[in-house]
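This briefing concerns a single protein chain.

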Amino acid sequence: STYSYILQMTTLGFDVVLATSTTNASQVAPYKPDIVVATAGCGVVTKFSLLLDLYNQGYRIYSHGNDTHDIYPISSSVLLDPAPQSGDVSYWPFDHPIQQGWYATYNSGTDRRYGITALVPGSTVIARDIVNGYIEVSYTEEPRKGRWFHIQPSPQPDNTLLNNGFFYLVR
């Protein structure tokens, strides 16, 4: 939930401002956020154009939601309805700082959702569903733009995964 993220980010030392009515980048600028968080859990992350605008202006974005399929880092996905049982979400076999200290995190089970099949150039696959192969965690960074950390499965992710992602965004 949103409040779980607020608690976790506050514990990590981030100042958190809840501004759910924000609709454009000029409303975000006065906050000078370390990270812009857009979380939907079992739903779809909304405000696509705002998030893309912020990313293009150099902001660091964290998004989370298993019905998400058309925000910028995702270039293709498939609707899973009914969804096959997913396996643990496990890190992809290479060495990225976000992958340190955890092996698996929660999956979306058989919840109707979107499975990510491809990402935009400049993206790194951090983790996949080990049964179906869908991309479940990604990191995107491009020159002269921001950074974007996305988690697809609906449950609250592993704390180490989240902490690594947050700190990698603000490094």
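H150 lies in strand β9, which spans residues 147–151; strands (E, at least two residues) and helices (H or I, at least four residues) are DSSP runs numbered from the N terminus. The model is a predicted one, in which local features need pLDDT of at least 70 and side-chain atom pairs count only at pLDDT 80 or more, while totals for chains, interfaces and linings use all residues. Residues are numbered from 1 along each chain as its sequence is written, and side-chain values use heavy atoms, with hydrogens and water left out.

**Surroundings of H150**
- H150 counts as buried because its relative accessibility is 1%; buried means under 20% relative accessible area, exposed over 50% and partly exposed in between, with a 1.4 Å probe and protein chains only.
- The side chains of H150 and Q152 are joined by a polar contact of 2.6 Å (a pair of N or O atoms within 3.5 Å; within protein, one must be able to donate a hydrogen and the other to accept it, and residues adjacent in sequence count only if both atoms are side-chain atoms).
- Leaving aside residues up to four places away in sequence, H150 touches S63, H64, G65, T68, I71, I74, I116, E136, V137 and S138; contact means heavy atoms within 4.5 Å.

**Helix α1**
- Y5, Q8 and M9 are buried in helix α1, which covers residues 2–11.
- The buried residues of α1 fall within an arc of 95° when seen down its axis, so they line one face of the helix; the arc is that of the directions from the helix axis to the C-beta atoms.
- Y3, L7 and T11 are exposed on the other side of α1.
- G13, with a positive phi near 100°, follows α1.

**Largest pocket**
- The lining of the largest pocket comprises 30 residues, with V17, A19, V36, V37 and A38 nearest its centre.
- Two or more residues of this lining come from each of α1, β1 (36–41) and α3 (48–56), and β1 gives the most, with five residues.
- A pocket is an open set of points on a 1 Å grid over the protein atoms alone, where a 1.4 Å probe fits, with protein on both sides within 12 Å along at least five of seven lines; lining residues have an atom within 4 Å of a point.

**Chain as a whole**
- The chain holds four helices and nine strands, in the order α-α-β-α-β-β-β-β-β-β-β-β-α from the N terminus on.
- Of the 171 residues in the chain, 46% are buried.
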